[in-house]
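Here is a short report for a reader new to this structure.

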Amino acid sequence: MPSTDVFTTITLQHYLVLSAALFMIGLTGVLLRRNVIVIMMCIELMLNAVNLSFIAFSKFSGRIDGQIMVFFVLTIAAAEAAVGLALIVCIFKRFREVNIRFFEHLKG
Amino acid sequence: MNHSLLMAILLLSPFVGFLINGLRWRKNGPNLAGGIATVAIFISFICSVLLFVDLVSMPQEARRIAVTFFEWIAVDRLKIGAGFVVDPISAIMILVITGVGTLIHLFSVSYMHHDKGVAKYFAYLNLFVFNMLILVLGDSLVTMFVGWEGVGLCSYLLIGFWFTDREKAAAGMKAFITNRIGDAAFLLGMFVLFMTFGTLNLHELNELAPTVAEGSWLGAATLGTLLLFIGATGKSAQIPLYVWLPDAMAGPTPVSALIHAATMVTAGVYMIVRLNAMFIAAPNTMMVIAVIGAATAVFAATIGMTQWDIKKVLAYSTVSQLGYMFLAAGVGAFGAAMFHLMTHAFFKALMFLGSGSVIHAMHEEQDIRKMGALKKYMPITHFTFFLGWLAIIGMPPFAGFFSKDLILEKAFASPLGHPLLWAAGVLGAVMTAFYMTRLMALTFWGKSRVPKEVHPHESPWLMTIPLIVLGFLSVVGGWIGIPHVISAILPGHPANILGDWLAPMLKVPLSDAHHHLDAATEWTLMGISVVLAAISAAVAYQFYVRSPETPDKIAKALGPVYQLVSKKYLIDELYFGAVINPLIRLSKNLWHHVDVNFIDKITYVLGDLVRGGGSLVRTLQTGNMQLYAMYVGLGLVAILSFVLMR
Amino acid sequence: MTADAFIFWFLSLITLGSALSVMLLANPVYSALSLVMTMVGISALFVTLGAYFIAGVQLIVYAGAVMVLFVMVLMLFDLRAELQAFSRGQISGALKLATVGALAGLIGGALLLSAGNVAEPSMAEAAKLPPDASKALGIVLFTRHIFGFEALGVLLLVIAIGTVALARAKGGTHAKH
Amino acid sequence: MGQDIFEIVVNGLKLIVIFLLMVQAVPILVWVERRGSAFIQNRLGPNRVGPLGLLQLLADAVKFLTKEDMLPNQAVRFLFYAAPVTALIPGVIAYCAIPLGTPISIEAFEMFGRSWGPYVFPMQGFDIGVGIVFVLGVSSLAAYTILMAGWGSGNKFSLMGALRASAQMISYELALGLSIVGIIMLYGTFNLTEMINAQQGALTYSAFGHQLAIPALPNWGLFYQPLGFILFFAATFAEANRLPFDLAEGEAELVAGFHTEYGGFKMLMFFIGEYAHMMIACGLVVTFFFGGYLVPYMTPEQVQSWVATWASSPNAVSAWTSVIHLLSYFVKFAFFMWFFIWVRWTLPRFRYDQLMDLGWKTMLPWALANTILTALVVYFAHTIK
């Protein structure tokens, strides 16, 4: 790939690098944030990053199955958000805060 | 309609009835539940008749409708489909099961009208019919065994139907456990047969049966059939496993009529008839069957003479009659066994239903000492019961005469028979006549001993109609198997329909295929048994109607012997002392010493090991989910670097 | 193709920027709104990739429903800016960052390594997808992936029941008798 | 967007024109609403300023623009200001996807010393393949503006109003989306223009290989999906937060809901946003169920051939055809806008639990039933001959 084309020709790699960057940002958030809701949002971000690479693969390989996977991921993400938020509401009702350390009761 | 559809309806109709009533057992009232159940069985009956008609229209040698719905088990050599067969033998069975079943369901609608669990009752009854149909139609021993276990389950459920009564619940368990012993033997028999012949298909087993009689006791055919026969003694209440049947009378009376007289208990006989070629090949087994059958016939009859409970008398009578069927099977007269099975189903179901009618009228009183002279209160019940009585004591031309006579003749004349077996049979017949007459006399005739507060009355028409139908069948049921000597003197010479019908399915004893008595001997044998039975009945009439004090005197004179017999030879006590209690003691010892000291210790040590290991590992589990996520990330790093390095 | 390139760079800038703010902003409400922005950006990226239907669904489901729930919960709790946005622990924090860095490096390396292997996006390949792929999408979804589809249906049912059970004030899993 | 400068410029102009049309329609609608309510309630309404009180609009605008700009003490400054601005965006973008008339085709011509064209310009902001999905997706973003406004105001009433409004929007979005699945299956497309084209001519039911034509009625979606129409129209009321579903601003309990703290021009922006939602709703209803821009009983070709009898150049024919269709669209559109106003001044407000019951327990099941029934009918009627 000639270096002059990097900015003018958009290839699969561009999308993959973008997707990886989004994924890393999401992962960092999951690992470092204190607020459980933010952590969940970062998980959504990671899922979206994966969706992006699915669509990119689908486009550049000419197969539609990638879009189906996105469809599934979307559904599962919605389900996960619903349950997660319900749990968070329970935690909030108990502690009046949604800090991740309130989820540390299950330990060895 | 095509056959598989008919067969499916035949089988599934009771099952659907079971589902409907079973799922709505709190809601369905007696009329609805009974209606559903009766209609379900009646549909099956119609299917049976249609199949039967089809079967008749086929050429004699090709009378076989086989349907395989799907492949059920396929393991290496073992291939078992959900296959069902209607052939001349099973056709008789399904007609009896669904026909008599319909009548008994109809009877139950009225009989169980005031019971709270009536829908549950009908659900069990339908489930029973479903399983019974699987049993008789199954084309392999395994399919048959499914039905075999299923009817056992239903029997247990129905005997213990009033399970709040401790004794009745115990009776159910007794039946179930006793049957389990037989079932274990049945399973072993299946193993032996499969090991030797490589198939469990009934048809194929009959084809593969050795053509030469096995002399050894340990030959495959002998051992296998012997084990199967032990299974049959459990289900069909023969010595030594008969003890559950009298107790099974704890269930509702129509159940006793359907399960413990007409259908389920005959499963053992039916199984032997199905596998007749295999049994014929094992003369030792045949001998055992004949001896046990004859012994049971006599033994149970003696107990029957001393019982006071109307249903117990009938129960011992059933055991005794089943003994006759085994006797017939044992001497190779399978047709006679089937014949007696059928006629017995008619008249014994009739008598049980009649006793149910009596019990109903007497407000749940079963002791015949508190009855008497019911004839004038319940004319229809009395009349039909009277017909049944004539049939069972073998008076010509009632149904029982023909079948019992055929059995006795074969016991005498068959190459596998013996005059001693015949003598035992005749003895049994004499005693049967005695105790049945005693029952009639104490219940319907003589002086009334009915307590004042009880007002017997005739039962409603829903109960009497089945009685009338069965009474009719008890009269004419035997006419399809009229022996040659009698038909020779009758106008029109009616043929032996049943004999011809079953002939292609049955194998005659190997040594002498065409062994016939001359007419004179046959007449003589017939005359002896009939006359002796008639005399015995007359004696009983004399004892219990004319001079009611005589039996007590005789009982006193016999003293300990009478006591022994009336306590059923103390067989139950013997079983408890010799088998059950030692077994319980052994189990308790094993528990206290082996289990606690040895096996438990091993598991404790293992558990401690696991716990120790766990407490080591759990330091990793801090509860901090973000750390967990980091572990996952590290795992990803490891996997990715592995993939990239490769 | 400069217009396409321009749109891509513009959208990726927006997407990355709002994604970073999701991660960095101390106020969770701003984080959530940034995430909505990210979703919209990704949806627009889907459009540039020709996945119109998925883009619309992304808007409806993610931006329109899931994130509204998040925002609603946040606002209901009335969580203002937090004193401490990140969890405690210097060492563990460094470890986590190192993990992220290692993973990022590995993925970047993998992408670089594969750059030569993956064929250039030939127009022939891309042209295989019809411009309006919704119909093809439906056909594939209901034939080849029908099992997954049905399984998802079951999952959603279970989730719906579970969520109601969790969130009920009375009679749920937290019922005190 | 286009192939050359001319096309790009025209398309850009088109977007601006549609935006301006929408914004400018709002004062007129406000006037209609006030006069209409007065008419319904048997009073006069604004009639002093200008003829028929038409200049009242101008006075209102001036009043809104010159009011003091206030920021509540507890408000979150950024969100408080961002909310009214963003309130406009989803509505306008979504409306741009609705076709308003037949495309105008322009023949090749010479300008600035080079040749241009020929061109075809659709009469809509932009034509996107998955029209319905796009419109639903974009308009669902409106929930955020309400939430931002409600939370940003730092006021409990505002917050409650915002939460109610967004919960209501999410709930009714379900029924809304499901109610048009039937239409989508019927026409087999997401594209709004294709849907409109499918509604040409006289009403013709075709099933099992037979056809039943009813020449007296136009071939509108209404006659195929009556239940879908009722559900969709009802759900749009909830989506637009209009009476009888305006729980978000129930004056008796919440003062004015999420815009309690807003005044002046910011308030006006919310107004425009709300009317934009009404316009989208009416545009979609007309498109799905009433033949969109089609002139009843006439196909676009018939209209065009009629225009060709008196118009001179091909460009003029195309333009006049488009204008006639545009008028046809606006007549239908205006009727439903009036319907919205009519309902507002006729029906009382629901209670909140009644609202949720209606959405989840009545409309959703019926929409599901409609979907299933339509699926069965479409499948069997088109596969079995």
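## Ground rules

Helices (H or I, at least four residues) and strands (E, at least two) are DSSP runs, numbered from the N terminus. The model is predicted: local features need pLDDT of at least 70, side-chain atom pairs count only at pLDDT 80 or more, and totals for chains, interfaces and linings use all residues. Residues are numbered from 1 along each chain as its sequence is written, while chains are lettered from A and ligands numbered from 1 in the order in which they are written.

Most residues other than glycine have a negative phi, and most peptide bonds are trans. B:Pro397 sits in the loop between α16 (379–392) and α17 (399–413) of chain B. A cis peptide bond links B:Pro396 to B:Pro397, with omega about 0°. Another cis bond runs from B:Ile239 to B:Pro240, with omega near 5°. B:Pro240 lies in the loop between α8 (220–235) and α9 (244–247) of chain B.

B:Asp76 has a positive phi, near 50°. Its place is the loop between β1 (65–75) and β2 (78–86) of chain B. A residue is buried if 20 or more other C-beta atoms lie within 10 Å of its own, exposed if 12 or fewer, and partly exposed in between, with C-beta atoms placed from the backbone. B:Asp76 is exposed, with 5 such atoms within 10 Å. B:Tyr569 also has a positive phi, about 60°. B:Tyr569 is partly exposed, with 13 other C-beta atoms within 10 Å.

## Nonpolar cores

A nonpolar core is a set of buried Ala, Val, Leu, Ile, Met, Phe, Trp, Tyr and Cys residues joined through C-beta atoms within 7 Å. The largest has 207 residues. Among the members that touch the most others are B:Leu133, B:Ala328 and B:Met338. A second, separate core of 180 residues includes A:Ala82, C:Met39, D:Phe190 and D:Leu294.

## Chain D

Chain D has 14 helices and 6 strands. Of its 385 residues, 43% are buried.

Helices α1 (residues 5–40) and α11 (residues 264–289) of chain D have axes that come within 10 Å and cross at roughly 95°. Axes are lines fitted to C-alpha atoms, for helices over the stretch in contact, and angles run from 0 to 180 degrees between N-to-C directions. α1(D) and α11(D) are therefore roughly perpendicular (65 to 115 degrees).

Terms used
Parallel < 35°, antiparallel > 145°, perpendicular 65-115°, else oblique.
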